[in-house]
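Let's take a walk through this model, starting at one end and stopping at a few spots along the way. Keep the viewer open as you read.

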Amino acid sequence: MPANLTPQYHKAEDAYRRAQTAEERVTCLEEMLRLIPKHKGTTHLQADLKTRLKETRAEVETEKSAGKSTRSFRIPRQGAGTVIVIGAPNAGKSRVLKELTNAVPEVAEYPFTTREPLPGMMPWEDIKIQLIDTPPITESHIEPYVVGFVRSADLVLLCFDGGSDDAPEQTAEVIAQFETRKTRLSRWSGFDEEDYSIVHVKTLLLVTRGDDADASERLAFFHDIRPDVDLTVLQIELTRTDSIDELRNGVFEALGVIRVYTKKPGKPATYDDPYTLPRGGTVEDLAVKVHRDLAETLKHAKVWGQAVQDGQTVGREHVLADRDLVEIHA
Ligand SMILES: Nc1nc2c(ncn2[C@@H]2O[C@H](COP(=O)(O)OP(=O)(O)O)[C@@H](O)[C@H]2O)c(=O)[nH]1
Ligand SMILES: [Mg+2]
């Protein structure tokens, strides 16, 4: 029997995937259990969620008693989305951060320069996107926290050194490291429908040193090794500004967010400091972001933008578009 899960449930599920601590996961799981349609088609999933909730509550307890002894990194989410940059040694990860963000990572010819995660903010038009540089991944080593980062990411950039003959094998090893940890670098994000313990995370395959004469051939060889891996490819050359711009646009595009501006009734519009919502976001989703209570009291909204008539009155289910201006009436 199909589960027929609602959009509300899927939203809660996505929040669960993106949660960064056991405590946050508990809150999300409770919300999922509250929202899951209660019928025969979901009994299996309901039972699974209850087990998970029990385990996660236990995790909260052990975390509390263990104190801060475990080596882990927590980087607060910032901006319109969090993008994790991963790859084999020397794949160009730190260079990506250096070119795209305000961060100053060490970029070097020799491998293993980066050991700790390093965040930076990438400006894109009037928003900022968070990028996080991570230590290299090899066949024999991966920092466990990187797996957690990737599983809760909005987007992953998997760097592939287009200038190296080792890149195809090394990149296949990076992918395998995640696969053994129930994490699939994929074209989309969410839980696997067959095996709920597997998480898919939307990933771009970033071929750096893309101007190298053999870069395309190396990429083709990678596809020979792993014909089942089907990721969107961006071939870039980080010494060229036009290529860096292409990368910026590609990241924004892949994040799949829209920008929405708000104004108060009777007040002039200012097109600054937009809210960001996932593509497909509604007036109600915006209201939740502005203030939780507003989602309850919301009556209707007026919208100005490309897809609507100026000042058109819409309901809470109305789907917003990038650069819409919204006036919420409660
Ligand atoms: N020409 C060129 N050099 C690159 C590119 N990407 C990375 N590099 C160089 O490759 C070396 C390793 O890059 P780095 O970002 O430190 O690799 P990481 O180990 O993955 O962080 C550095 O010397 C970079 O300047 C690129 O697209 N073009
Ligand atoms: Mg580095």
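**A walk through the model**

In this predicted model, helix α1 (residues 7–18) packs with helix α2 (residues 22–35) at an angle of about 165°, and their axes are 9 Å apart. An angle over 145 degrees counts as roughly antiparallel, so that is how α1 runs relative to α2. The crossing of α1 past α2 is left-handed. On the α1 side, the contact is made by Q8, Y9, A12, E13, A15 and Y16, while α2 brings in R25, C28, L29, E31, M32 and L35. Sort the residues of this α1–α2 contact by class and you get eight nonpolar, one polar and three charged.

Now move on to helix α3 (residues 43–66), where you'll find L49. Leaving aside residues up to four places away in sequence, L49 touches L29, M32, L33 and I36. Two of the names there, L29 and M32, also turned up in the contact of α2 with α1. For a sense of distance, pick E237, 188 residues away from L49 along the chain: the C-alpha atoms of the two are separated by 45 Å.

Zooming out, the protein is divided into domain 1 (7–66), domain 2 (82–255) and domain 3 (257–329). Taken over C-alpha atoms, the centres of domain 2 and domain 3 are separated by 33 Å.

Next up is helix α4 (residues 93–100), which is mostly covered, with six of its eight residues buried. Which ones are they? The buried set of α4 is K93, S94, R95, V96, L97 and L100. As for what they pack against, the partners are the strands β1 (82–87), β2 (118–124), β3 (127–133), β4 (155–161) and β7 (199–208), along with helix α8 (241–255).

Most residues other than glycine have a negative phi. E125 isn't a glycine, yet its phi is positive, about 45°. E125 sits in the loop between β2 and β3, and it counts as exposed because it has 11 C-beta neighbours inside 10 Å. K182 is another non-glycine residue with a positive phi, of about 55°. Look for K182 in the loop between α6 (167–179) and β5 (183–186). With 14 other C-beta atoms within 10 Å, K182 is partly exposed.

Note on methods
Residues are numbered from 1 along each chain as its sequence is written. Chains are lettered from A and ligands numbered from 1 in the order in which they are written. This is a predicted model: local features need pLDDT of at least 70, side-chain atom pairs count only at pLDDT 80 or more; totals for chains, interfaces and linings use all residues. Axes are lines fitted to C-alpha atoms, for helices over the stretch in contact, and angles run from 0 to 180 degrees between N-to-C directions. Helices (H or I, at least four residues) and strands (E, at least two) are DSSP runs, numbered from the N terminus. Angles under 35 degrees count as roughly parallel, over 145 as roughly antiparallel, 65 to 115 as roughly perpendicular and the rest as oblique. A crossing is left-handed if the near helix is turned anticlockwise from the far one by less than a right angle, and right-handed if clockwise. Two residues are in contact if their C-beta atoms, placed from the backbone, lie within 7 Å. Ala, Val, Leu, Ile, Met, Phe, Trp, Tyr, Cys and Pro count as nonpolar, Asp, Glu, Lys and Arg as charged, and the others, Gly among them, as polar. Domain bounds come from an automatic or database domain assignment. A residue is buried if 20 or more other C-beta atoms lie within 10 Å of its own, exposed if 12 or fewer, and partly exposed in between; C-beta atoms are placed from the backbone.
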